[in-house]
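Dear colleague,

Please find below the structure that I am handing over to you. My findings follow it.

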Amino acid sequence: ILYHNVRYSEERVTMSSDRMVYYTREERLVAEGNVKGRTASGTRFTGPFMEYFGASPGLRTENSWVATGRPFVRMSPTETGAEPGSDADSTDMTANVIRSRNDSLLYASGRVVLERHDMRATSDSAFVDNGEEHAQFLRDPLIVGRGERPFTLVGTIIDAWSKQRKLERVVARHEAVATSDSLTLRSDTIDIRFAEQEIARIFAWGTRARAEAGAQVIEAD
């Protein structure tokens with residue numbers, strides 16, 4: 001049990017906090033108070049409490065951690081494709097609870113906010129796979145696109161896929177509504193495709209789709 005300006009360092013992670021408790025048999029570290037850390041791939045995190053589980057033969061095959069008390073995470077540039085150390089092209093997440101597996105998979109719950117240069121997403125729960133560049137948002141999700149043609153998208157479940165840090169596809173399911181400066185589209189499922197970070201195509205299906213663009217209204221299956 002260590003107190004005051006405690007620092008912990010290993011190959012996979014470095015961490016500092018006001019207090020730490022290290023459980024040797026479990027390879028488990030509990031950090032409390034002004035927790036700050038950085039993983040080997042570059043993910044940074046801050047918050048009031050964090051529990052770290054190190055990979056160890058006979059215990060677990062991958063490292064993981066859980067942070068509570070509304071932590072802030074700036075995802076690894078190595079995983080997301082951003083330039084190392086670049087804050088302008090970062091992917092940031094804030095939530096009441098964030099869990100990480102192997103510094104690549106993130107699970108968040110409670111007032112989730114994810115921000116990057118091309119979109120801002122909010123929901124009650126979220127899952128992010130940095131390796132596959134896929135994110136899923138659950139329970140009252142809302143995505144706001146920040147490209148040259150801004151848009152908002154709501155639904156019960158929203159999935160977003162990127163390639164080399166550029167948004168390629170966003171799909172909203174169940175009572176989906178997409179809104180831009182000139183169009184409002186409603187349907188069970190809305191699938192938005194992007195090219196060079198601009199909306200290229202939109203598909204809507206599942207229930208009677210309705211598109212409203214000024215004085216024009218189009219309905220179809």
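This is a predicted model: local features need pLDDT of at least 70, side-chain atom pairs count only at pLDDT 80 or more; totals for chains, interfaces and linings use all residues.

Residues are numbered from 1 along each chain as its sequence is written, and side-chain values use heavy atoms, with hydrogens and water left out.

**The chain as a whole**

The secondary structure comprises 1 helix and 19 strands; helices (H or I, at least four residues) and strands (E, at least two) are DSSP runs, numbered from the N terminus. Along its principal axes, the C-alpha trace spans about 70 × 30 × 30 Å. Of the 221 residues in the chain, 44% are buried, where buried means under 20% relative accessible area, exposed over 50%, and partly exposed in between (1.4 Å probe, protein chains only). The chain exposes about 11,800 Å², and carbon and sulfur atoms supply 48% of this area. Accessible areas come from the Shrake-Rupley method with a 1.4 Å probe, and for residues only the protein chains shown count as cover.

Contacts (heavy atoms within 4.5 Å) were also examined by sequence separation. Among those between residues at least 6 apart in sequence, 35% join residues at least 24 apart. As for charge, the chain has 29 positive and 33 negative charges, and their mean positions are 3 Å apart. Lys and Arg count as positive and Asp and Glu as negative, whereas His and the chain ends are not counted. Each charge is placed at NZ of Lys, CZ of Arg, CG of Asp or CD of Glu.

**Strand pairs**

Two strands pair if DSSP finds at least two bridges between them. Strand E2 (residues 13-23) and strand E3 (residues 28-39) run antiparallel and are joined by 9 bridges; Val21 has Val30 in E3 as its bridge partner. The hairpin of E2 and E3 has 4 residues between the strands, and Glu27 there takes a positive phi near 50°. E3 also pairs with strand E4 (residues 44-53), in the antiparallel sense and over 9 bridges.

Ala211 stands opposite Ile218 in E19. In the hairpin of E18 and E19, with 2 residues between the strands, Gly214 takes a positive phi near 65°.

**Two buried residues**

Arg116 lies in strand E9 (residues 105-116). Arg116 counts as buried because its relative accessible area is 10%. Leaving aside neighbours within four places in sequence, Arg116 is in contact with Ser90, Thr91, Arg146, Ser162, Arg165, Lys166 and Leu167.

Ile158 lies in strand E14 (residues 157-163). Its relative accessibility is 0%, so Ile158 is buried. With neighbours within four places in sequence again left aside, the contacts of Ile158 include Phe137, Leu142, Ile143, Leu153, Val170 and Val171. Ile158 and Ala108 are 50 residues apart along the chain, and their C-alpha atoms are separated by 15 Å.

Yours sincerely
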